Amino acid sequence: MWRFRSGTPFLRNSEKYYVSTSLFFFASGLYGIFINIFFFVTQNLGSVIFYQTAFQASQTLFFVLGTYVMRIISAKYLYVAGNILRAATLILLFFIPLLSANAILFGLIFGISSGLFWGGNATFSLEISRSTNRYTFLSINSAISSMAALLSPTIGGFLISTSSSGGLNRYVLDFSLSSILLILSSIASLFITQKGEIGGYFHIKETIIREDGYRKFRLFFFFSSILSTVMSTLMPIYIYYVTKNYIITGIYGSMVAATGFISNILAPKYMARLKKHTIKILIILIFWSTLFLLKGQFVTEIVFIGSLLILFFLTPISNLGMGEFMKYLDHFKKTRHFWINREYYLVSGRILSFFSILFLVDSMSIYASLSMMPLFSLSLLGLIPVLKKADN
């Protein structure tokens, strides 16, 4: 479809994938932070945690069920279906009052679309990236996605803060724009000629992995999700709680995206040096997390600085670990059971993080919960078994 007269593709499949995911992450930047803020403002922090927990549980279930569906439709169309369903769920918030009033129910329904999307994306992206340098593919995709999400949290905060409506209607422009972008992401992915896995026998018992060399990846996925979950969930809520300002909260999200973009742009150039000093960097990140112990007049600025310093190095390190995982999967003809097993450990780490946040806030306060960041950062030690074996 997109071709020059010579027959040369206008965009390669990997580039079309970058377009699709950039639209997806632009939309995610608009709604991601502010769904949490919506439940926090209209209900409480517990509702945010219950929404996130229900979302993760539903996402995992439909990640698995989507793999069964992959017997008859390709991973590509699971990816498309998940995007469209996610857009529809955001719009239904404004037509079904029970969804906005019940955080658990919304999380369960929203998780369906996420499970289908990420279940399809796993083998879809694996096939697209097979003929490329994996680390470069992941870094470019992360950089483009971060750039796409660079302005969207601030735009979302502006749309919400300038709305004259109250309650859920305050979020109507933000969530509607998100839905439109998700539909456009689906359309862009339809032009990709590769389809990911399709067909073949699959049973849930296959997701219990006993392959040699996989144990270190279990540790990597479980521990890699802990600190990132705490930062993506607690930090924006903390900033809104302190400032009561949607735009400042959105600016935080934009600065996180900007940090990810810069980090991913620089990462391929310094990949060899990064591999050589990965363990030292992890130790430095743990040390930097002690910034969150500081209190006083500039505590909001400290949260910004501490978060961005950690994310600047955590992003390429995560890409390095994922690159090792994808190279490991190249030895297998079918990989869907590995992706599901990965999801088990990611979700377990996230749920542990959610309830740790809830426990800390209930037993102390949102202010005091920041003092536990050095403890959460110790989870980075679980990344070492994968990272120390990365090819030099």
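A surface patch, as the term is used here, is made of residues with over 30% relative accessible area and no salt bridge, and nonpolar side chains are joined into one patch when they lie within 5 Å. In this predicted model, a nonpolar patch of about 640 Å² is formed by Ile84, Leu151, Ile155, Leu177, Ile180, Ile183, Leu184 and Ile187. Helix H8, which spans residues 172–189, contributes the largest share of that patch with 5 residues. Ile183 is one of the patch residues and belongs to helix H8; because its relative accessibility is 34%, Ile183 counts as partly exposed.

Helix H8 also holds Asp174, and here the accessibility is of another kind, since Asp174 has a relative accessibility of 0% and therefore counts as buried. Between Asp174 and Lys76 there are 98 residues of sequence separation, and in space their C-alpha atoms are 27 Å apart.

Rolling a probe the size of a water molecule over the atoms shows where empty space is left. The largest pocket has a volume of about 260 Å³, and its lining consists of Ser263, Leu266, Ala267, Tyr270, Arg273, Leu274, His277, Ile281, Phe312, Phe313 and Pro316. Three helices, H10 (246–266), H11 (271–276) and H13 (299–329), each supply at least two residues of this lining, and H13 gives the most, with 3 residues. Sorted by class, the lining of the largest pocket comprises 8 nonpolar, 2 polar and 1 charged residues.

Side chains of opposite charge can pair when their charged atoms come close. The structure holds 3 salt bridges, and one of them joins the side chains of Glu324 and Lys327, with an N to O distance of 3.0 Å. Both Glu324 and Lys327 lie in helix H13, where they are 3 residues apart, or about one turn of the helix. The two partners fall into separate accessibility classes: Glu324 counts as buried because its relative accessibility is 12%, whereas Lys327, at 30%, counts as partly exposed.

Another salt bridge is formed by the side chains of Glu15 and Arg12, for which the N to O distance is 3.1 Å. Glu15 has a relative accessibility of 23% and so counts as partly exposed, while Arg12, with a relative accessible area of 56%, is exposed.

Most residues other than glycine have a negative phi, and most peptide bonds are trans. Against that background, Lys244 has a positive phi of about 55° although it is not a glycine. Lys244 lies in the loop between helix H9 (215–243) and H10, and H10 is also one of the helices that supply residues to the lining of the largest pocket. With a relative accessibility of 53%, Lys244 counts as exposed, because the class of exposed residues begins over 50%.

Technical notes. Residues are numbered from 1 along each chain as its sequence is written. This is a predicted model: local features need pLDDT of at least 70, side-chain atom pairs count only at pLDDT 80 or more; totals for chains, interfaces and linings use all residues. Side-chain values use heavy atoms; hydrogens and water are left out. Patches are made of residues with over 30% relative accessible area and no salt bridge: like charges are joined within 9 Å, nonpolar side chains (Val, Leu, Ile, Met, Phe, Trp, Tyr) within 5 Å. Accessible areas come from the Shrake-Rupley method with a 1.4 Å probe; for residues, only the protein chains shown count as cover. A salt bridge is a side-chain nitrogen of Lys or Arg within 4 Å of a carboxyl oxygen of Asp or Glu. Helices (H or I, at least four residues) and strands (E, at least two) are DSSP runs, numbered from the N terminus. Buried means under 20% relative accessible area, exposed over 50%, partly exposed in between (1.4 Å probe, protein chains only). On a 1 Å grid over the protein atoms alone, a cavity is a set of points where a 1.4 Å probe fits but cannot get out, and a pocket is an open set with protein on both sides within 12 Å along at least five of seven lines; lining residues have an atom within 4 Å of a point. Grid points are joined across faces, edges and corners, and a volume is the space filled by probe spheres set on the points. Ala, Val, Leu, Ile, Met, Phe, Trp, Tyr, Cys and Pro count as nonpolar, Asp, Glu, Lys and Arg as charged, and the others, Gly among them, as polar.
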